[in-house]
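Me: I have a structure open and want to learn how to read it. Can we go through it step by step?

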Amino acid sequence: MEKLLHVFFAELIKTGSLEIETADGRKFGVGDGSGKKLALRFNDKAVFTQLLRDPELRFGELYMDGRIDVTQGTIFDILTLAAVNMAAPQSPLWVRAFQKTRSTFRHLRHPNDLLRAKRNVAHHYDLDTNLYRLFLDQDLQYSCAYFERDSQNLEVAQLAKKRHIAAKLLVEPGHTILDIGSGFGGLAIYLAQFCNASLTGLTLSSAQLKVAQVRAGQLGLTSAIDFRLLDYRQLDGRFDRIVSVGMFEHVGVAHYESYFRKIADLLEGDGVALVHTIGRADGPAATNPWVAKYIFPGGYMPALSEIMPAIERTGLFVTDIEILRLHYADTVKTWRERFLDHRAAVQALHDERFCRMWELYLAGSECAFRYEGLVVFQIQLAKKLHTVPLTRDYINHNEALLRELDTAPAFLRVAGQ
């Protein structure tokens, strides 16, 4: 068995330095000896048998159950080492076979009827809000920040993200805006405060809805913002602007066309919509099975080649696409560091297994955005070709106007409360 274990890891790790310690204390190394020295310990003899059944799923399960420990380096270091090696042209055949099979059947893995959609959202977003307060920014933005400069902290970068989106939406006072997947309410509040718009925010998370409603009430915005516990497919009406941030990942591949048809139905004739979503730069692939089971059931990060055909069939025009590269890697890096700084508080809310699960989730997410081709797409849509200015100068212009408002000392004091 130990010989087979050695062969398995030697085939996987060609570059780098990894030591494996078996349950009986024996050790062996794999890799070319370069880079940081890393080490894993298997804590019982059944670990390797479990791992072989499905490495992408079982490694995460074994780690969160404490049956695998990182004894040198961090779990982020281990995942980075694996990602770099699996992305190499000489990656093992079994790795490519697992990934190809999952990718082929990805359409079957993401059914998203109304009941299943709400259950999937509750699995992740209805956790104790105090957990999110431990590692998110003060505005509870649980999506990719926009780092205008390397030196920016997370709070400033998340404010820049909201400003960037508002600038692209070309919001005017009195506009009606639909926020599909409104989360903890931060973007809707921003658009109401600084663009004088009227907001309808939709979420399937009861926990997020409660926080968003309380925040709107505290800021005196209840007449300007209507937060609802409602699936976007159940909404009727027309809106001048539609925005969706971090929600499209939960739509499901089979529902892309119906999603964009609904946006077209809800958008006024001269309206503008913006969809901000995690995506794949290297084409369609399957969701990591461990992530799908424990973190985001029903979740899927699409490639542009999967999104664009759905849009083309709905009569909407794509008026702008921006690809945010590494912004999410830097966002999750900060979340991961803050999570680890507050690990004891997280354990008090949950337990050690949960802590290890979320360490792995955050480390794996950063690794995926830094090394595995995940990016963020911001796709701007309209019903008419001339609705949006013909050059992108307006984005910088609108951002400058908003920056004068949202960085005023009075606002910063409110945001910091």
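Reply: Start with D351, whose side chain reaches the backbone nitrogen of F354 at 2.8 Å. The side chain of D351 also reaches the backbone nitrogen of R353, at 3.3 Å. Both are polar contacts, meaning a pair of N or O atoms within 3.5 Å; within protein, one must be able to donate a hydrogen and the other to accept it, and residues adjacent in sequence count only if both atoms are side-chain atoms. One caution: this is a predicted model, where local features need pLDDT of at least 70, side-chain atom pairs count only at pLDDT 80 or more, and totals for chains, interfaces and linings use all residues. Residues are numbered from 1 along each chain as its sequence is written, and side-chain values use heavy atoms, with hydrogens and water left out.

Me: Where is D351 placed?

Reply: D351 is in the loop between α15 (343–349) and α16. Helices (H or I, at least four residues) and strands (E, at least two) are DSSP runs, numbered from the N terminus.

Me: Which residues does R356 touch?

Reply: Contact means heavy atoms within 4.5 Å. Leaving out residues up to four places away in sequence, R356 touches Y63, M64, G66, I68, D69 and R343.

Me: How do I read two helices that meet, such as α4 and α16?

Reply: Use their axes, which are lines fitted to C-alpha atoms, for helices over the stretch in contact; angles run from 0 to 180 degrees between N-to-C directions. The axes of α4 (residues 75–86) and α16 (residues 352–371) come within 9 Å and cross at roughly 40°. Angles under 35 degrees are roughly parallel, over 145 roughly antiparallel, 65 to 115 roughly perpendicular, and the rest oblique. So α4 and α16 are oblique to each other.

Me: Is their crossing left-handed or right-handed?

Reply: A crossing is left-handed if the near helix is turned anticlockwise from the far one by less than a right angle, and right-handed if clockwise. The crossing of α4 and α16 is right-handed.

Me: Which residues of α4 meet α16?

Reply: I75, F76, L79, T80 and A83 do, against E359, L360, A363, G364, E366, C367 and Y371 in α16. By class, this contact has 8 nonpolar, 2 polar and 2 charged residues. Ala, Val, Leu, Ile, Met, Phe, Trp, Tyr, Cys and Pro count as nonpolar, Asp, Glu, Lys and Arg as charged, and the others, Gly among them, as polar.

Me: Why do residues three or four places apart point the same way?

Reply: An α-helix has 3.6 residues a turn, so residues at that spacing point the same way.

Me: How do α11 and α13 cross?

Reply: Their axes come within 8 Å and cross at roughly 50°. So α11 and α13 are oblique too. Their crossing is right-handed. Y256, E257 and F260 in α11 meet E306, I307, A310 and I311 in α13.

Me: Which residues of α11 are buried?

Reply: They are Y256, Y259, F260, K262, I263, A264 and L266. D265, also in α11, is partly exposed at 49% relative accessibility.

Key:
Buried < 20%, exposed > 50% of the residue type's maximum accessible area, 1.4 Å probe, protein only.
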